[in-house]
Amino acid sequence: MILANLVRNLIHGFKSRQEPQQQFDVAVVIQTVLRPSLERAVESVYAQDFPGRIQILVGIDKRLGDPRLIEKLQRRCPPNMHLTVVDPGYSTSVRHGSIYSNQFGGALRAVLTYLANSRYVAYLDDDDWFAPDHLATLRNAIEGVDWAFSYRWYVNPFDSLPICVDTWENMGPGKGIFSERFGGFVCPSTLMLDKVKTHFVLPNWCIAMGPAGDGEDRVLLAALLRSNLTWRCTGAATVFYVIKPEDGMHPDRERFIASTGYDLAKLRRDERHAFARV
């Protein structure tokens with residue numbers, strides 16, 4: 001009885017019309033602390049125009065939000081999708097007193113990737129979201145290569161409207177502002193891996209780049225590049241990434257955004273209004 005309860009608490013495969021033992025065409029991994037933005041993220045997967053079967057794996061690092069959100073999302077799961085929730089009841093991150101240096105999810109991305117019942121695994125941060133054609137274009141791009149990625153939009157954090165396409169950071173191997181320092185950059189939410197071909201790279205999701213506990217995406221990309229794995233870009237911006245004023249890169253992003261012709265005064269005005277409401 002104790003073992004059965006433990007298994008039920010750890011992995012919840014919600015009822016759907018999909019048989020989870022049959023391999024899915026793609027899987028989407030989302031790690032979360034149950035922020036309200038998780039609803040928008042998962043709903044963007046529900047809205048995909050992908051014609052095949054999709055497994056969505058939501059891993060709970062720590063319950064900092066309302067767990068009833070999971071039940072709400074389960075009720076709306078489309079018939080061609082299956083929602084799997086993994087909640088061990090503790091965090092694996094040093095941020096919450098555990099082992100792994102990645103403060104934002106610990107081992108969750110690696111574990112969920114291995115658990116996914118699909119060879120092709122995409123990722124989504126719980127404050128980002130997909131355009132409806134994201135998975136379809138990624139799945140086409142990864143055919144014949146080991147991993148693939150898309151471009152992304154910067155999004156105003158105060159009105160959730162797109163600002164401009166990021167042609168500064170998320171440009172892939174050998175391109176963008178991080179080309180010399182890190183060999184390029186790929187945001188997790190834009191990424192899809194063939195997990196059979198990238199099997200031994202996956203533990204790098206657990207490792208932070210430095211003492212701040214972040215940068216695991218750069219660690220993973222470095223491992224992909226060292227392994228000489230093949231890749232392809234979709235060529236389309238199909239992810240929406242909310243910029244963060246508290247991020248140390250924010251002043252540099254603002255300068256890039258201004259160079260595109262976006263009204264930077266509007267962004268700063270929205271920020272002032274948001275803080276005034278708090």
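Predicted model: local features only at pLDDT ≥ 70, side-chain atom pairs only at ≥ 80, totals over all residues.
Residues are numbered from 1 along each chain as its sequence is written, and side-chain values use heavy atoms, with hydrogens and water left out.

Ser-160 lies in the loop between β7 and β8 (162–165); helices (H or I, at least four residues) and strands (E, at least two) are DSSP runs numbered from the N terminus. Although Ser-160 is not a glycine, its phi is positive, at about 60°. Most residues other than glycine have a negative phi. A positive phi of about 55° is also found at Asn-228, again not a glycine. Asn-228 is placed in the loop between α7 and β12 and is exposed, with a relative accessible area of 67%.

The structure holds twelve aromatic pairs. Rings of Phe, Tyr and Trp (its six-membered ring) pair if their centres lie within 6.5 Å, and planes under 30 degrees apart count as stacked, over 60 as edge-to-face and the rest as tilted. One of these pairs, Tyr-123 with Trp-205, is tilted, with 5.0 Å from centre to centre and 55° between the planes. This pair links distant parts of the chain, 82 residues apart: Tyr-123 belongs to strand β5 (residues 120–123), and Trp-205 to the loop between β11 (191–194) and α7 (216–226). Tyr-123 is buried, at 0% relative accessible area, and Trp-205 counts as buried at 1%. The pair of Trp-153 and Phe-240 is stacked, because the ring centres are 6.5 Å apart and the planes lie at 15°. Here too distant parts of the chain are linked, with Trp-153 in strand β7 (residues 147–155) and Phe-240 in strand β12 (residues 231–242), 87 residues apart. Trp-153 is partly exposed at 27%, whereas Phe-240 is buried at 15%. Ring pairs also join Trp-147, Phe-149, Tyr-151 and Trp-231 into a cluster.

Arg-152 lies over the face of Tyr-241, at 4.0 Å from the ring centre.

In soluble globular proteins, nonpolar side chains tend to be buried together. A nonpolar core is a set of buried Ala, Val, Leu, Ile, Met, Phe, Trp, Tyr and Cys residues joined through side-chain atoms within 4.5 Å. The largest such core has 34 residues, and Val-28, Leu-38, Val-45, Ile-54, Ile-56, Val-58 and Leu-135 have the most contacts inside it. Its largest share, five residues, comes from α2. Apart from neighbours within four places in sequence, Val-45 is in contact (heavy atoms within 4.5 Å) with residues including Met-81, Leu-124 and Phe-130. A second, separate core of 28 residues includes Leu-57, Leu-193, Val-201 and Leu-220.

Ser-189, in the loop between β10 (184–185) and β11, counts as buried at 0% relative accessibility. Residues up to four places away in sequence aside, Ser-189 touches residues including Tyr-123, His-134 and Val-239.

Notes
Buried < 20%, exposed > 50% of the residue type's maximum accessible area, 1.4 Å probe, protein only. Lys NZ or Arg CZ within 6 Å of the ring centre and 35° of its normal.
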